Amino acid sequence: MKNLPLPSLLLGLLFSFCACSSAPEADRTPNIIVILADDLGYGDVGAFNAESLIKTPHLDQLATEGMLFTDAHTTSAVCTPTRYSLLTGRYNWRTRLKEGVLTGKSKALIPADRTTLGSMLQRSGYTTALIGKWHLGMDWGLKEGETFVEGGWNPEDYDQLDFAKPIKNTPDTRGFDYAFALPASLDIAPYVFVENGSLTSIPTKVTVDTGEYSWWREGPTSDDFVHQQVTPLFFEKSMDYVREKAQKDQSFFLYLALPSPHTPILPTEAWQGKSGLLPYADFMMMIDDYMGQLNQVLNDAGIEENTLLVFTSDNGCAPAAGFEKMMELGHQPSGPFRGHKADIYEGGHRVPMIVKWPAHIKGGSRSDRTISQTDLMATFAEIVGYKLSPNEGEDSHSLVSLFDDHPENDRPREATVFHSVNGTFAIRKGDWKLITAKGSGGWSFPKPGDPAEADLPEMQLYNLAADPGETQNRYLDMPEKAEELRNLLVQYITNGRSTPGPTQPNDPFEGEWEQTWFIK
């Protein structure tokens with residue numbers, strides 16, 4: 001049985017242990033927990049960066065108990081598009097959102113008929129929950145006579161909303177039996193909690209913070225919303241949820257979407273100054289401690305062995321965290337990689353990822369395979385025996401063979417696509433990465449439109465095995481390789497999928513999609 005692939009192994013375990021009262025979990029699919037940190041850099045976790053100056057003992061321990069993925073990627077270098085892709089197994093740029101992020105008042109990005117991790121697992125017998133940051137839009141009620149106008153960066157943008165009216169297309173309609181959601185980021189209004197489609201409290205005041213690291217934008221705020229307590233609250237509610245489901249012996253899926261260590265950077269008093277660096281590092285240490293507590297809850301509840309836990313981040317560390325100051329102090333938030341949040345460089349989208357599943361993943365294991373967060377959809381589908389339709393998880397590849405250390409059954413992705421804040425594409429195949437822009441496509445030098453871009457080649461081509469820091473552009477001396485990757489990217493865009501299967505449509509889009517200029 002040892003050499004069997006996972007589906008056969010699960011079946012074998014069922015028959016081998018069905019009469020054994022000491023192994024009640026052997027005949028069932030695992031509980032699944034996905035924890036998505038916000039703006040956590042690759043170099044911020046000790047297990048991924050031995051030179052990290054931030055102490056993360058609990059995440060490091062998680063890595064020794066599970067599998068560490070050294071080449072894991074988000075689909076985008078900013079949060080909304082990444083969250084879409086993680087939940088749908090589909091590249092974010094296939095939607096109407098071609099660049100940037102949504103705000104706290106934006107309309108729902110995921111259509112009601114689009115399968116998510118939550119709805120797939122619901123159909124497979126799981127009870128499901130989202131606790132945390134949503135940032136994928138929901139449809140707010142409007143005041144009489146008002147017509148919806150996109151916005152949300154300024155306090156007056158919320159004047160047209162009627163918070164007393166029902167909210168439509170909330171997370172509980174997108175595959176979650178229970179949803180306790182922050183609409184967007186912790187620095188984007190409205191500052192409210194949406195619980196199963198309703199506000200826990202209607203905003204009665206306007207708050208703002210202008211601190212260097214603790215800032216949030218001015219906007220409507222509920223009386224029960226305390227910025228400093230949001231991250232602790234999400235962890236505590238998640239741990240209570242796990243205890244409840246374990247006690248009821250229910251198979252569950254929990255998506256814990258943290259709003260941290262994104263701004264506002266608000267470590268609680270007990271953690272302030274603990275790192276000796278900046279508040280960001282203190283905040284990260286607090287998150288690490290809560291991860292230790294959550295791991296202990298799984299152990300105490302007796303469900304650790306058959307719980308699949310994923311910890312990762314939605315993009316790289318942000319400049320607003322004090323990125324440059326930490327570099328000066330000797331800490332490298334992106335590790336050996338170039339760039340940070342928003343960029344098309346590795347520091348924008350290569351993120352830490354740890355997967356722990358004691359029943360099937362050997363502790364202390366490591367994979368250097370290039371993977372994407374879109375891959376969670378096909379992975380979970382294979383584990384629970386769900387057959388994906390052609391219009392589900394169009395960009396998702398299963399990781400199950402990596403979990404069970406059966407490389408002979410591996411079906412690796414042909415190539416992986418990335419996206420920056422301004423919609424710049426990159427594609428990676430093997431060691432080679434093509435960037436369809438002259439510069440970062442984001443917030444690091446050279447920014448889009450910077451005069452420094454004038455004399456640079458039209459695109460960038462890097463061999464990441466030889467040059468992980470993306471310092472030697474090979475575009476001009478390897479035009480054949482660049483053209484190969486460009487053609488593959490065009491194929492992925494126009495086919496509506498990057499996995500085998502029938503062509504699928506990309507979502508309708510009104511206007512000019514400027515970043516497809518290279519297709520012509």
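Residues are numbered from 1 along each chain as its sequence is written, and side-chain values use heavy atoms, with hydrogens and water left out. Because the model is predicted, local features need pLDDT of at least 70 and side-chain atom pairs count only at pLDDT 80 or more, while totals for chains, interfaces and linings use all residues.

Most residues other than glycine have a negative phi, and most peptide bonds are trans. The side chains of S260 and T231 are joined by a polar contact of 2.9 Å. Such a contact is a pair of N or O atoms within 3.5 Å; within protein, one atom must be able to donate a hydrogen and the other to accept it, and residues adjacent in sequence count only if both atoms are side-chain atoms. Not counting residues up to four places away in sequence, S260 touches A37, D38, T231, F283 and I287, contact being defined as heavy atoms within 4.5 Å.

A342 is not a glycine, yet has a positive phi of about 85 degrees. A342 is found in the loop between α7 (323-328) and α8 (346-349) and is buried, with a relative accessible area of 0%. E470, also not a glycine, has a positive phi of about 50 degrees. E470 lies in the loop between β17 and α11 (479-495), and at 0% relative accessibility E470 counts as buried.

A further loop position is G439, between β16 (432-435) and β17 (460-463). G439 counts as buried because its relative accessibility is 0%. The C-alpha atoms of G439 and D343 are separated by 8.9 Å, although the two residues are 96 apart along the chain. Beyond residues up to four places away in sequence, G439 touches I344, Y345, P446, E453 and Q460.

Helix α9 (residues 375-384) is mostly covered, with nine of its ten residues buried. The buried residues of α9 are D375, L376, M377, A378, T379, F380, A381, I383 and V384. Just after α9, G385 takes a positive phi of about 80 degrees.

With a disulfide defined as a pair of cysteine sulfur atoms within 2.5 Å, the count comes to zero disulfides. C79 is in no disulfide, and the nearest cysteine sulfur, that of C317, is 14 Å away. C317 is likewise in no disulfide, the nearest cysteine sulfur being that of C79 at 14 Å. C79 counts as buried at 3% relative accessibility, and C317 is buried with a relative accessible area of 0%.

Grid points are joined across faces, edges and corners, and a volume is the space filled by probe spheres set on the points. There are three cavities of 30 Å³ or more, and the largest cavity has a volume of about 70 Å³. R369, T370, I371, D375, H397, S398, L399, L402, D410, R411, P412 and R413 line the largest cavity. This lining has four nonpolar, three polar and five charged residues; Ala, Val, Leu, Ile, Met, Phe, Trp, Tyr, Cys and Pro count as nonpolar, Asp, Glu, Lys and Arg as charged, and the others, Gly among them, as polar.

The largest pocket holds about 380 Å³ of space. Its lining comprises 18 residues, of which A378, L388, S396, T499 and P500 lie nearest the centre of the pocket. By class, the lining of the largest pocket divides into seven nonpolar, seven polar and four charged residues.

Technical notes
Buried means under 20% relative accessible area, exposed over 50%, partly exposed in between (1.4 Å probe, protein chains only). Helices (H or I, at least four residues) and strands (E, at least two) are DSSP runs, numbered from the N terminus. On a 1 Å grid over the protein atoms alone, a cavity is a set of points where a 1.4 Å probe fits but cannot get out, and a pocket is an open set with protein on both sides within 12 Å along at least five of seven lines; lining residues have an atom within 4 Å of a point.
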